[in-house]
Amino acid sequence: MNVVSGFVLFAVIWFVTLLVALPIGVRTQEEAGEVVPGTPASAPVDAMMRKKFLWVTVASVAIWAAVSAFIVWGGVSVEDIDFFNRM
């Protein structure tokens, strides 16, 4: 795996992990009882984005390292995923 492939794999894992982490621990304005005029009641009070970005990055590095090791050390190859025998 070259550097660009590694970066693309990390970016995909990071964004998928972010999408999983975004709804965790979010309190809506309706739940907090502080609805700001002009916003929906389902808007978050404090989304804790900095904290989530940090934890998503830590988790993504661990997942990326495991997946990269699996790919680099021969766990899977192009021939393994060639379902139509074109390789």
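**Close-up views of a predicted helical model**

View 1. Leaving aside neighbours within four places in sequence, Glu30 is in contact (heavy atoms within 4.5 Å) with Val35 and Ala41. Glu30 sits in helix H2; helices (H or I, at least four residues) are DSSP runs, numbered from the N terminus. Glu30 is exposed, with a relative accessible area of 58%. Buried means under 20% relative accessible area, exposed over 50%, and partly exposed in between (1.4 Å probe, protein chains only). Between the C-alpha atoms of Glu30 and Leu54 the separation is 27 Å, and the two are 24 residues apart along the chain. This is a predicted model: local features need pLDDT of at least 70, side-chain atom pairs count only at pLDDT 80 or more, and totals for chains, interfaces and linings use all residues. Residues are numbered from 1 along each chain as its sequence is written, and side-chain values use heavy atoms, with hydrogens and water left out.

**View 2. The packing of H1 on H3.** Helix H1 (residues 3-21) packs with helix H3 (residues 49-72) at an angle of about 135°, and their axes are 8 Å apart. That makes H1 oblique to H3. Axes are lines fitted to C-alpha atoms, for helices over the stretch in contact, and angles run from 0 to 180 degrees between N-to-C directions. Angles under 35 degrees count as roughly parallel, over 145 as roughly antiparallel, 65 to 115 as roughly perpendicular and the rest as oblique. The H1 and H3 crossing is right-handed; a crossing is left-handed if the near helix is turned anticlockwise from the far one by less than a right angle, and right-handed if clockwise.

**View 3. The residues where H1 meets H3.** From H1, the contact residues include Leu9, Phe10, Ile13 and Trp14. Those of H3 include Phe53, Val56, Ile63 and Trp64. The residues of this contact divide into 14 nonpolar, 5 polar and 1 charged. Here Ala, Val, Leu, Ile, Met, Phe, Trp, Tyr, Cys and Pro count as nonpolar, Asp, Glu, Lys and Arg as charged, and the others, Gly among them, as polar.

**View 4. Thr17 in H1.** Thr17 lies in helix H1. Thr17 is buried, with a relative accessible area of 15%. Not counting residues up to four places away in sequence, Thr17 touches Val56, Ala59, Ser60 and Ile63.

View 5. Lys52, Val56, Ser60 and Ser68 are buried in H3. H1 is included in what covers the buried residues of H3. Lys52 has a relative accessible area of 9%. Apart from neighbours within four places in sequence, Lys52 is in contact with Ala21, Leu22, Pro23, Ile24, Val26 and Ala47. Val58 is partly exposed, at 46%. Val58 and Trp14 are 44 residues apart in sequence and 9.4 Å apart in space, C-alpha to C-alpha.

**View 6. The two ends of H3.** Met48 lies in the loop between helix H2 (29-32) and H3. Met48 has a positive phi of about 55° although it is not a glycine. Most residues other than glycine have a negative phi. Met48 is partly exposed, with a relative accessible area of 29%. Just after H3, Gly74 takes a positive phi of about 90°. The C-alpha atoms of Lys52 and Gly74 are separated by 33 Å.
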